[in-house]
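Visitor: I am new to this structure. Could you show me how to read it?
Guide: Gladly; let us look together.

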Amino acid sequence: MTRPLREEVAETARETVPFLLIVLVWTVVTLALYGIFLATKPGNVDYDAWVHASVFAVPMVGFLGHTLRQVLKARAG
């Protein structure tokens, strides 16, 4: 038997809102780390693009791991 639309919408919102908040937190953390990286960079040093990208790599591993966990949870449920 299928559930009523109201229950489906409520459950989707319950699962989506925390995920969106975590995405927001990861974005803020990533930008804060990049800001610290830029603020502490010596003025006479010019980094290549890969160095700038590596600043985002570590937080993105956590973010992508969380995204994968949510996708797997949604598929299983």
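Visitor: How many helices and strands does the chain have?
Guide: Helices (H or I, at least four residues) and strands (E, at least two) are DSSP runs, numbered from the N terminus. Here the chain has two helices and zero strands. Helix α1 covers residues 5-40 and includes leucine 21; leucine 38 is also found in helix α1.
Guide: Please keep in mind that this is a predicted model, where local features need pLDDT of at least 70 and side-chain atom pairs count only at pLDDT 80 or more, while totals for chains, interfaces and linings use all residues. Residues are numbered from 1 along each chain as its sequence is written, and side-chain values use heavy atoms, with hydrogens and water left out.

Visitor: What is the radius of gyration of the chain?
Guide: This value is taken over C-alpha atoms, and the globule rule is 2.2 Å times the number of residues to the power 0.38. The chain has 19 Å, whereas a compact globule of 77 residues would have a value near 11 Å. Along its principal axes, the C-alpha trace spans about 65 × 20 × 15 Å.

Visitor: What share of the residues is buried?
Guide: Buried means under 20% relative accessible area, exposed over 50%, and partly exposed in between (1.4 Å probe, protein chains only). Buried residues make up 10% of the 77 residues in the chain.

Visitor: Is leucine 38 buried, exposed or partly exposed?
Guide: Leucine 38 has a relative accessible area of 37%, so this residue is partly exposed. Its C-alpha atom is separated by 9.0 Å from that of histidine 52, 14 residues apart along the chain.
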